[in-house]
Amino acid sequence: MEWQEFHLFVHENKGKSLTIDQIQQQRRENRLPEINVLKFLALIKQSSAIVRTYKRIGEQTISIFEIR
């Protein structure tokens with residue numbers, strides 16, 4: 001995912017809270033390549049449009065990405 005594609009992703013998903021699995025599923029449904037998680041996390045650090053929070057489900061902690 002490059003910077004331009006990242007901005008399009010943010011625009012299309014504004015107001016949603018998604019997990020990495022949900023983002024990957026959405027991309028598969030749209031016939032787009034899966035995201036490189038490390039690149040995605042780097043883009044998030046450069047943007048204030050997405051806030052990363054954590055949720056504990058049972059013994060597993062998952063990342064939730066809130067798109068603003």
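**Helix α3 and its surroundings**

Let me start at the beginning of α3. There, a side-chain oxygen of asparagine 36 comes to within 3.0 Å of the backbone nitrogen of leucine 38. One caution before I go on: this is a predicted model.

Now the helix itself. Which residues of α3 are buried? The helix runs over residues 37–45, and its buried residues are Phe40, Leu43 and Ile44. Look down the axis of α3. The buried residues fall within an arc of 105°, so they line one face of the helix. An α-helix has 3.6 residues a turn, so residues three or four places apart point the same way.

What covers that buried set in α3? The cover includes two helices, α1 and α2, the latter at 20–29. It also includes two strands, β2 at 50–57 and β3 at 60–67.

Turn to the other side. The face of α3 pointing away from its buried side carries the exposed residues Leu38 and Lys45. So much for the two faces. Leu38 is also the residue whose backbone nitrogen is approached by asparagine 36.

Next, glutamate 2. Where does glutamate 2 lie? It sits in the segment before α1, and α1 covers 3–12. Glutamate 2 then contacts Lys39 and Leu43. Leu43 is one of the buried residues of α3. The side chains of glutamate 2 and lysine 39 are joined by a polar contact of 3.2 Å.

Now step back to the whole chain. It has three helices and three strands. Along the sequence, the order reads α-β-α-α-β-β. The radius of gyration is 12 Å, close to the 11 Å that the globule rule gives for 68 residues, so the chain is as compact as a globular protein of that length. The C-alpha trace spans about 35 × 25 × 20 Å along its principal axes.

How much of the chain is buried? Buried residues make up 32% of the 68. Residues 24 or more positions apart account for 49% of them. Last, the surface. The chain exposes about 5,000 Å², and carbon and sulfur atoms supply 49% of that area.

Notes. Residues are numbered from 1 along each chain as its sequence is written. This is a predicted model: local features need pLDDT of at least 70, side-chain atom pairs count only at pLDDT 80 or more; totals for chains, interfaces and linings use all residues. Side-chain values use heavy atoms; hydrogens and water are left out. Helices (H or I, at least four residues) and strands (E, at least two) are DSSP runs, numbered from the N terminus. Contact means heavy atoms within 4.5 Å. A polar contact is a pair of N or O atoms within 3.5 Å; within protein, one must be able to donate a hydrogen and the other to accept it, and residues adjacent in sequence count only if both atoms are side-chain atoms. Buried means under 20% relative accessible area, exposed over 50%, partly exposed in between (1.4 Å probe, protein chains only). The arc is that of the directions from the helix axis to the C-beta atoms. The radius of gyration is taken over C-alpha atoms; the globule rule is 2.2 Å times the number of residues to the power 0.38. Accessible areas come from the Shrake-Rupley method with a 1.4 Å probe; for residues, only the protein chains shown count as cover.
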